Structure formats: structure tokens, C-alpha cells
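Thanks for coming. I will go through one protein model this morning, starting with the overall numbers and then moving to particular residues.

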Amino acid sequence: MCHMSLGGGDTQVELGVSQVAGPVCALVFASSGKEEIIWERLYAADTMILDETPLFDPRLLAELDWSQNMVSFCPAISPVNPGESLVLRPLCTSDLNRGFYKVLGQLTNVGDVTAEQFIGKFEHMKRSGDYFAVVVEDLNLGQIVATATLITEHKFIHGCAKRGRIEEVVVSDECRGKQLGKLLLSVLTLLSKALGCYKVTLECKPPNVAFYEKFGYVASEETYMQRRFSD
């Protein structure tokens, strides 16, 4: 607790500061004995704590019906057994220190992201309930070696259904050949179905169409277009 005087009088403020970012309660005792509760939102970079809280419920991955998977794996791997010393799970904020951005940087420009920015974006995604970023961690190295993200969009069409989009599928250069890209794509495709999406889409270059067809995807007649406002 810290104590301080306000306005040069007898009023004191007693602050109990939590160890995580969020609301902090300040109880004000006036000289008249009247008590008031004042709420302030205090944020500071040094109170940002990285932890193992998952972005979404891990049971969604554990309970996937793997019998519906459309591709073969040799040797056999699955969401619960992705390979020796490997674990597939939801993203958590501690992954910032496990090389999460190092892996993403092999796919695209990630920019200079602070811990505060990362946690803020993570909390926004977790609150929405529509973001499902998964990672593969090498437990021996304590490093993220692969990641992919499923985003669900809420629609007014198809009876107010949901659409899934798979993005940012990337495997670390050191772990190519371990079927992790196939595993991530299979997992998120099945997850989109389990979440009730009426369809799931992804973007790929023409030479890769045949690869994605193995997972049940078909080329759309629509032409993908974009307009960039930054790199």
C-alpha cells in the first residue's frame, strides 16, 4: 500500500496496486469520515505479466474428431501427439519469449512489437472469442516451431452463420519435413467445422492449389483482390 495526501488537507488515499494490468481501486478517506470508491485504470509496461493463460479453451483441440481428417501422415501424428518432444496447443502470452515472432517473421513482416502491444492484442482476441491461434512448441528447446490461426467471422447470411478463415500458417525452417504444416491445416479445418462454420477459406498461390485440394478445399471462381495501406 502507498499513502499520499490530496489537496494539502487531511484527506488520504490508500492504494492497493495489483501485479497485473487492470483496474486499481483507491479508497479515499475524507476528514469528515465519508468514504468513496474511486476507480482508475492504471497501465504500465512493467506491470505486464506474460503467463500460460491460453487464447482459447484447449479442450477444443483435444476433442476434435480426428477420424474426419482427410490426409495421411507418415509417421502418424495427431493434435494430441504431434511428434517427439512436440506439443500442439493454443497460443499464450509467454510464447512471446519462446520465439513466436521469430517464426512469424519467416512468413511476413512482423514489425517492432512491444510486450504491451502483444498482450493488448492477445487480450482483445481472447475477449472476442473469434481467434484461434495455435502453436507447436518444441519442449526440448522451449521454442515455438510452428503456428497458424483460424478466425471466425459472424455473418447475417446463411441463417446468421459463421465463416472461418485460416491465415498465417508457418513452420520454422529448422522443422520443415515434420508434417507440421499439414497438421496445423488439418487441425484448423476440423476446428472450423466443430465451431459451426458454414465454410472455411484460405489464400494460396496457384502452384499450391493441388496441395490444399488434398484437405478438401476447392478453388473459388472469385478473384482475390486487395488494397494495401502499409507493408
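Of the 231 residues in the protein, 35% are buried; buried means under 20% relative accessible area, exposed means over 50%, and partly exposed is in between, with a 1.4 Å probe and protein chains only. Please keep in mind that this is a predicted model: local features need pLDDT of at least 70, side-chain atom pairs count only at pLDDT 80 or more, and totals for chains, interfaces and linings use all residues. Residues are numbered from 1 along each chain as its sequence is written, and side-chain values use heavy atoms, with hydrogens and water left out.

The protein has 6 helices and 9 strands. Those are DSSP runs numbered from the N terminus, with helices being H or I of at least four residues and strands being E of at least two. A contact here is heavy atoms within 4.5 Å. Among contacts with a separation of 6 or more, 60% are between residues 24 or more positions apart.

Now the strands. Is strand S7 enclosed or open? S7, residues 143–154, is largely enclosed by the rest of the structure, because 10 of its 12 residues are buried. S7 pairs with strand S6, residues 131–138, in the antiparallel sense over 8 bridges; to count as paired, two strands need at least two DSSP bridges between them. Within that pairing, Val136 sits opposite Ala146 of S7. S6 and S7 make a hairpin with 4 residues between them, and Gly142 in the turn has a positive phi of about 65°. S7 also pairs with strand S8, residues 162–171, again antiparallel and over 8 bridges. There, Ile151 has Arg165 in S8 as its bridge partner.

Next, the core. A nonpolar core is a set of buried Ala, Val, Leu, Ile, Met, Phe, Trp, Tyr and Cys residues joined through side-chain atoms within 4.5 Å. The largest one has 43 residues, and those touching the most other members are Leu61, Val136, Leu150, Leu180, Leu188 and Leu191. Elements giving two or more residues to this core are S5, helix H2 (100–104), helix H3 (115–128), S6, S7, S8 and H5. Which element supplies the largest share? H5 does, with 8 residues. Leaving out residues up to four places away in sequence, Leu191 touches Leu60, Leu61, Leu64, Phe132 and Leu150.

On to Cys197, in strand S9, residues 197–201. Cys197 counts as buried because its relative accessible area is 13%. Not counting residues up to four places away in sequence, Cys197 touches Thr152, Lys162, Arg163, Gly164 and Ser192. His154 is 43 residues from Cys197 along the chain, with 9.1 Å between the C-alpha atoms.

Last, some backbone details. Cys74 and Pro75 are joined by a cis peptide bond, with omega about 5°. Pro75 is in the loop between helix H1 (59–62) and strand S5 (86–90). Cys160, in helix H4, residues 157–160, is not a glycine but has a positive phi of about 60°. Cys160 is exposed, at 55% relative accessible area. Gln179 is not a glycine either, and its phi is positive, about 70°. Gln179 is in the loop between S8 and helix H5 (180–194), and at 15% relative accessibility Gln179 is buried.
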